[in-house]
Amino acid sequence: MPVYNKLVRDRIPEIINNDGKNCTTKILDDETYVKELKKKVHEELKEYEEASSDEEAVEELADILELIYALVKTHGASVDELEEIRKDKAEKRGGFNDKIFLIEVED
């Protein structure tokens, strides 16, 4: 019997049960939940880095985005607030579209 001990998407237990299998789960307290969300972000980022196609990469980015949405709620903010902060920073400092790589700054 495989042991996972990791945070999973909300419908995973239902999917496992629909496959005729049983699983054991628990609901995490808030502190552990945040810790596990952070671990999951690292897991998904690694999977993104290892993606071998654009399709795989976009799938992993979708997973990371879902985790970001969950994390933003744990900080008492909304996805809309996050997007406003992102837009404000992009307006003030730019985005990452121009592929600029800073080498050094002279004093």
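Colleague: Arg9: buried, exposed or partly exposed?
Modeller: Arg9 counts as partly exposed in this predicted model. Its relative accessibility is 45%, which falls between the 20% limit for buried and the 50% limit for exposed.

Colleague: Which residue does Arg9 form a salt bridge with?
Modeller: With Asp63. The closest N and O atoms of that pair are 2.8 Å apart.

Colleague: Where do Glu83 and Arg86 lie?
Modeller: Both are in helix H4, three residues apart, or about one turn of the helix. Glu83 is partly exposed at 32% relative accessible area, and Arg86 is partly exposed at 45%.

Colleague: How are Glu43 and Lys40 placed relative to each other?
Modeller: They are separated by about one helical turn, because they are three residues apart in helix H2. As a general point, an α-helix has 3.6 residues a turn, so residues three or four places apart point the same way.

Colleague: Is Lys40 buried or exposed?
Modeller: Lys40 is buried, at 12% relative accessible area.

Colleague: What about Glu36, buried or exposed?
Modeller: Glu36 is buried, with a relative accessible area of 14%, so it falls under the 20% limit. It is found in helix H2. Leaving aside neighbours within four places in sequence, Glu36 is in contact with Lys6, Leu7 and Leu28.

Colleague: Staying with Leu7, what does it touch?
Modeller: Leu28, Tyr33, Glu36, Leu37 and Lys40, not counting residues up to four places away in sequence. Leu7 also belongs to the largest nonpolar core.

Colleague: Which residues make up that core?
Modeller: There are five: Leu7, Leu37, Leu67, Ala70 and Leu71. Helix H3, residues 54-74, gives the largest share of the core, three residues. In soluble globular proteins, nonpolar side chains tend to be buried together.

Colleague: Which residues form a nonpolar patch on the surface?
Modeller: Leu45, Tyr48, Val58 and Leu61, with about 340 Å² of accessible area together. Helices H2 (30-49) and H3 are the elements that give two or more residues to the patch.

Colleague: Take Val58, then. Buried or exposed?
Modeller: Exposed, with a relative accessible area of 54%. Val58 lies in helix H3.

Colleague: And Val8, where is that?
Modeller: Val8 is in the segment before helix H1 (12-18). It counts as partly exposed, at 36% relative accessibility. The C-alpha atoms of Val8 and Lys40 are separated by 8.7 Å, although the two residues are 32 apart along the chain.

Colleague: Back to H4. What span does it reach?
Modeller: H4 covers residues 79-93, 15 residues, and reaches 21 Å from its first C-alpha to its last. That is close to the 21 Å expected at 1.5 Å a residue.

Colleague: What follows H4?
Modeller: Gly94. Its phi is positive, near 90 degrees.

Conventions. Residues are numbered from 1 along each chain as its sequence is written. This is a predicted model: local features need pLDDT of at least 70, side-chain atom pairs count only at pLDDT 80 or more; totals for chains, interfaces and linings use all residues. Side-chain values use heavy atoms; hydrogens and water are left out. A nonpolar core is a set of buried Ala, Val, Leu, Ile, Met, Phe, Trp, Tyr and Cys residues joined through side-chain atoms within 4.5 Å. Buried means under 20% relative accessible area, exposed over 50%, partly exposed in between (1.4 Å probe, protein chains only). Helices (H or I, at least four residues) and strands (E, at least two) are DSSP runs, numbered from the N terminus. Contact means heavy atoms within 4.5 Å. Patches are made of residues with over 30% relative accessible area and no salt bridge: like charges are joined within 9 Å, nonpolar side chains (Val, Leu, Ile, Met, Phe, Trp, Tyr) within 5 Å. Accessible areas come from the Shrake-Rupley method with a 1.4 Å probe; for residues, only the protein chains shown count as cover. A salt bridge is a side-chain nitrogen of Lys or Arg within 4 Å of a carboxyl oxygen of Asp or Glu. The expected span of a helix is 1.5 Å times one less than its number of residues.
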